[in-house]
Amino acid sequence: MDGFLRIIPGSFCHISRIVCITAPKSKQIIKMIACADEKNLLVNVTEGKPRRSVIFMDDGRLIVTPVKPETLISRIHSKNPHKVLDGDDEDDSTQGRSKRG
């Protein structure tokens, strides 16, 4: 994947360096944010807004954003429309079952 992801106006990250995008809801993710902050590896682009997602970068940095993970994934997908990002092109309930005629 090439190019940059616009997180918020004026804040971008390189798409190829993203490892994971998640919501900061679990205690483990919140601990990871605190640890990254202590190690000066946290980039906070929330501008005082609530944290809605955390982007994990390949160099260990974490980017905390006010944008939902789904929105960020949608932006990445719009830059790479032929790339399947979620692996859910088919309904999981029909996989492995024969079709009735």
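Strands β4 and β6 (residues 62-65) run parallel and are joined by three bridges; helices (H or I, at least four residues) and strands (E, at least two) are DSSP runs numbered from the N terminus. Within this pairing, Leu42 lies opposite Leu62 of β6. The model is predicted: local features need pLDDT of at least 70 and side-chain atom pairs count only at pLDDT 80 or more, while totals for chains, interfaces and linings use all residues. Residues are numbered from 1 along each chain as its sequence is written, and side-chain values use heavy atoms, without hydrogens and water.

β4 and β6 belong to an open, mixed sheet of four strands in the order β3-β5-β6-β4, where two strands pair if DSSP finds at least two bridges between them. Because β3 (18-22) and β4 (42-44) are the edge strands, each with a single partner, one side of each has no neighbour in the sheet. From one strand to the next the twist averages 20 degrees.

Helix α2 (residues 69-79) packs on the sheet and touches β3, β5 (53-57) and β6; contact means heavy atoms within 4.5 Å. The direction of α2 makes about 140 degrees with that of β3, taking axes as lines fitted to C-alpha atoms, for helices over the stretch in contact, with angles from 0 to 180 degrees between N-to-C directions.

The largest nonpolar core has 14 residues, of which Leu5, Ile7, Cys13, Ile18, Ile55 and Ile63 touch the most other members. Such a core is a set of buried (under 20% relative accessible area, 1.4 Å probe, protein chains only) Ala, Val, Leu, Ile, Met, Phe, Trp, Tyr and Cys residues joined through side-chain atoms within 4.5 Å. β1 (4-8), β3, β5 and α2 each give two or more residues to this core, and the largest share, three residues, is from β1. A second, separate core has seven residues, including Ala36, Val54, Leu62 and Val64.

Key:
Buried < 20%, exposed > 50% of the residue type's maximum accessible area, 1.4 Å probe, protein only.
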